[in-house]
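Work through the exercises below with the sequence and the structure open. Each task is followed by a solution in steps.

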Amino acid sequence: MLPQHAQEIYKEAFNHAFDEYAERGPEGREETAHKVAWSAVKKKYRKDEASGRWRAAQ
């Protein structure tokens, strides 16, 4: 599970991208918004392969 802060980053990035890419249609818009949101999370967090937990990037 993502830490609370990472969830907030995801939500904000998703909502912004969802609004930004309206011209891509419903499916393309949602897919793009998810990609943008994960990219935003991965700038600040990394998943520890051994434990499977998300940790703040160093």
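The model is a predicted one.

**Exercise 1. Aromatic pairs**

Task: How many aromatic pairs does a search of the whole structure find, and is the pair of Phe14 and Phe18 stacked or edge-to-face?

Solution.
- Step 1. The search of the whole structure gives four aromatic pairs.
- Step 2. For Phe14 and Phe18, the ring centres are 5.7 Å apart and the planes meet at 20°. Planes under 30 degrees apart count as stacked, so this pair is stacked.
- Step 3. Both residues belong to helix α1, where they are four residues apart, about one turn of the helix.
- Step 4. Phe14 has a relative accessible area of 16% and is therefore buried. Phe18, with 27%, is partly exposed.

Task: Which parts of the chain does the pair of Trp38 and Trp54 link?

Solution.
- Step 1. Trp38 and Trp54 form a stacked aromatic pair, with 5.7 Å from centre to centre and 25° between the planes.
- Step 2. Trp38 is in helix α2 and Trp54 in strand β2, 16 residues apart, and the pair links these distant parts of the chain.
- Step 3. Trp38 is partly exposed because its relative accessibility is 32%. Trp54 has a relative accessibility of 16%, so Trp54 counts as buried.
- Step 4. Ring pairs join Tyr10, Phe14, Phe18, Trp38 and Trp54 into a cluster.

Task: Which residue lies over the face of Phe18?

Solution.
- Step 1. The residue is Arg29, at 3.9 Å from the ring centre of Phe18.

**Exercise 2. The nonpolar core**

Task: Which residues make up the largest nonpolar core, and which element gives the largest share of this core?

Solution.
- Step 1. The largest nonpolar core has 12 residues. They are Leu2, Ala6, Ile9, Tyr10, Ala13, Phe14, Ala17, Ala33, Ala37, Val41, Tyr45 and Trp54.
- Step 2. Two or more residues of this core come from each of α1 (4-20) and α2 (25-44).
- Step 3. The largest share, six residues, is that of α1.
- Step 4. Take Ala17 as one member of the core. With neighbours within four places in sequence left aside, Ala17 is in contact with Ala33 and Val36.

**Exercise 3. Helix α2 and its buried residues**

Task: Which residues of α2 are buried, and what covers them?

Solution.
- Step 1. Begin with the helix itself: α2 has 20 residues and spans 29 Å from its first C-alpha to its last, close to the 28 Å expected at 1.5 Å a residue.
- Step 2. The buried residues of α2 are Thr32, Ala33, Ala37 and Val41.
- Step 3. Their cover includes α1, β1 (45-47) and β2 (54-56).
- Step 4. Thr32 is buried because its relative accessible area is 13%. Apart from neighbours within four places in sequence, Thr32 is in contact with Tyr21 and Arg24.
- Step 5. Val41 has a relative accessible area of 0% and is therefore buried. Neighbours within four places in sequence aside, Val41 is in contact with Leu2, Ala6, Ile9, Tyr10 and Trp54.
- Step 6. Val41 and Ala6 are 35 residues apart along the chain, and their C-alpha atoms are separated by 5.9 Å.

**Exercise 4. Salt bridges**

Task: How many salt bridges are there, and is Lys35 buried or exposed?

Solution.
- Step 1. Side chains of opposite charge can pair when their charged atoms come close. The count here comes to three salt bridges.
- Step 2. Arg24 forms one with Glu23, and the closest N and O atoms are 4.0 Å apart. Arg24 is partly exposed, with a relative accessible area of 45%, whereas Glu23 is exposed at 61%.
- Step 3. Lys35 forms a salt bridge with Glu31, with the closest N and O atoms 3.2 Å apart. Both lie in helix α2, four residues apart, about one turn of the helix.
- Step 4. Lys35 has a relative accessible area of 55% and so is exposed. Glu31 is partly exposed, with 46%.
- Step 5. Asp48 forms a salt bridge with Arg55, the closest N and O atoms lying 3.4 Å apart. Asp48 counts as partly exposed at 27% relative accessibility, and Arg55 counts as partly exposed at 43%.

Terms used:
Residues are numbered from 1 along each chain as its sequence is written. This is a predicted model: local features need pLDDT of at least 70, side-chain atom pairs count only at pLDDT 80 or more; totals for chains, interfaces and linings use all residues. Side-chain values use heavy atoms; hydrogens and water are left out. A nonpolar core is a set of buried Ala, Val, Leu, Ile, Met, Phe, Trp, Tyr and Cys residues joined through side-chain atoms within 4.5 Å. Buried means under 20% relative accessible area, exposed over 50%, partly exposed in between (1.4 Å probe, protein chains only). Contact means heavy atoms within 4.5 Å. The expected span of a helix is 1.5 Å times one less than its number of residues. Rings of Phe, Tyr and Trp (its six-membered ring) pair if their centres lie within 6.5 Å; planes under 30 degrees apart count as stacked, over 60 as edge-to-face and the rest as tilted. A charge sits over a ring if NZ of Lys or CZ of Arg is within 6 Å of the ring centre and within 35 degrees of the ring normal. A salt bridge is a side-chain nitrogen of Lys or Arg within 4 Å of a carboxyl oxygen of Asp or Glu.
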